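Good morning, colleagues. May I ask you to look at the chain on the screen while I go through its packing and its aromatic rings.

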Amino acid sequence: MAFLKSPLTALCLGLCIAAGVPLGAPAQHGGTLSVEARGETLPVRIIRLAEAEHAPLIVGLHGYGMDQGQIETLVNVEPVSDASFVAIQGPVPVDGGGHAWFPVDDSSGLVATAPADVRTGADVVANAIAALTAELGADPEHVYVVGFSQGASMSLGLALTHPDLAAGYIAFAGGLPREVRAEEWTVENGAPVLLGYGTRDTRFSAEELDATVASLSDAGFSVELQTYAVPHVVSGAGRRAIAAWIDDRIAGLPVPQTRPLPIAVTAAPESDEDPQAIVAEALTAAEARGGYFGNPEGDLVIYEFFDFNCAICRIAHRQMDRFLAQMPDNTRVVAVDVPLLGPGSREATALTFSIASPEDYNRAYHLLMGGRGQITGDRALRSLSDAGIQPGVSDIEEAILLMSNDMRVNTAAMRALAIQGTPGFLVRLPDGREQVFTGWDASAIAAFAGVTLE
């Protein structure tokens, strides 16, 4: 059980009051206290204390190599609602100064993170936040965690490992490490998540963001994404958005249950190739590849643009048999794989694209779409091997190299059709009429085909 070092707490809070600073004063507080959690002693900066008792509490988590004194300028959250705002210092010292929430290993040239270290850091921070909530007399039903960069990763790590700790988790300029995303997560009734992303961020890519969104959505979280034309910072507009989001949660307003569209779609460069030719090439290849539902000879064709790591795509996949049971017998659904959501999606797609037999590709498509958690190349290889399916190329890097043009064509076709995210659908009726749908709306797709679903 975590606890605050009471003498130091009393001294710090006592000094603030003795100096004539009212409890509701904003950032001028500048008081500090120390919290002990799971054997770690973490300094805490008091940025603002609420005037009322049992008020909401906002906890700020700094970035890698920073400290609790810097979070104030990064995410100085000032919601309309009266709330206390504190910042915790990470438990891991960093060479060259500052602290971190969990260690990273960049000795191989890539930043590697051990999921066990993220869990350990999350346990320490969770204990500290629980102790702070009790000591400050804050409302435990209205605790909000705001993280920047690696602090954003820790905020999301807390959401996965301690979903009942806070009423909302906010992550700007950072996401879940790929090693954490690779694990299977299922969270019941997890608190909502707000993600903020700078489209000029060179440290945290759009692909990593999209993979984070997919992982959180697949785990069961309600995710809201807001973007800003800024680098690796939190802009003034971002700070205002955080405050407004917290106020909405305090007011009890729901978070939209839709998965944000992938940034990679809108960030992808436009192609100067003939759009109709690109679409025809992608659809012809998808037909030959062999991933489908329904009547393989059907002439009412629904082309589904999907990603193996898209949560809504998986929902559509689970519902497709029931949908087709109410559609005409000449309906078939053809899978068009568009790997937008990070490296794992590209790896799995490249491996399945190398499968020569349409029957085996169809089996692989349904197998991987029916799974849970983030799909990576290694996971795809294991699943395919267990099912007796052999990719034409089993080396992941080689498969990506060989299949890169096929993946590019599908992505270009999606852009040419103005489909703004996965899943997306091109419905082609027997009389030649076509219509595009972004998102899984079974009733609308059926209505275009002249069918009313029960």
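I begin with a definition: buried means under 20% relative accessible area, exposed over 50%, and partly exposed in between, with a 1.4 Å probe and protein chains only. Please note that this is a predicted model, in which local features need pLDDT of at least 70, side-chain atom pairs count only at pLDDT 80 or more, and totals for chains, interfaces and linings use all residues. Residues are numbered from 1 along each chain as its sequence is written, and side-chain values use heavy atoms, with hydrogens and water left out.

By that definition, 55% of the 454 residues of the protein chain are buried. The chain has 15 helices and 16 strands; these are DSSP runs numbered from the N terminus, helices being H or I with at least four residues and strands E with at least two.

Let me turn to the aromatic rings. How many aromatic pairs does a search of the whole structure find? The search finds 8, where rings of Phe, Tyr and Trp (its six-membered ring) pair if their centres lie within 6.5 Å, and planes under 30 degrees apart count as stacked, over 60 as edge-to-face and the rest as tilted. Tyr197 and Phe204 form an edge-to-face pair, at 5.9 Å centre to centre and 75° between the planes. Tyr197 is buried at 4% relative accessibility, and Phe204 is buried at 9%. Phe306 and Phe308 have ring centres 5.2 Å apart and planes at 80°, so this pair is edge-to-face. Both Phe306 and Phe308 are buried. Ring pairs also link Phe306 and Phe308 with Phe293 and Tyr365 in a cluster.

Next, the helices. Helix H10 (residues 311–324) packs against helix H12 (residues 358–369) at an angle of about 115°, with the axes 10 Å apart. Axes here are lines fitted to C-alpha atoms, for helices over the stretch in contact, and angles run from 0 to 180 degrees between N-to-C directions. H10 and H12 are therefore roughly perpendicular, a term for angles of 65 to 115 degrees. Cys313, Arg314 and His317 of H10 make the contact with Tyr365, His366 and Met369 of H12, contact meaning heavy atoms within 4.5 Å.

Finally, the backbone. Arg38 has a positive phi near 50° although this residue is not glycine. Arg38 lies in the loop between strand S2 (31–37) and strand S3 (40–48), and Arg38 is exposed, with a relative accessible area of 54%. His54, also not a glycine, has a positive phi of about 60°, and His54 is in the loop between S3 and strand S4 (57–61).

Conventions. Parallel < 35°, antiparallel > 145°, perpendicular 65-115°, else oblique.
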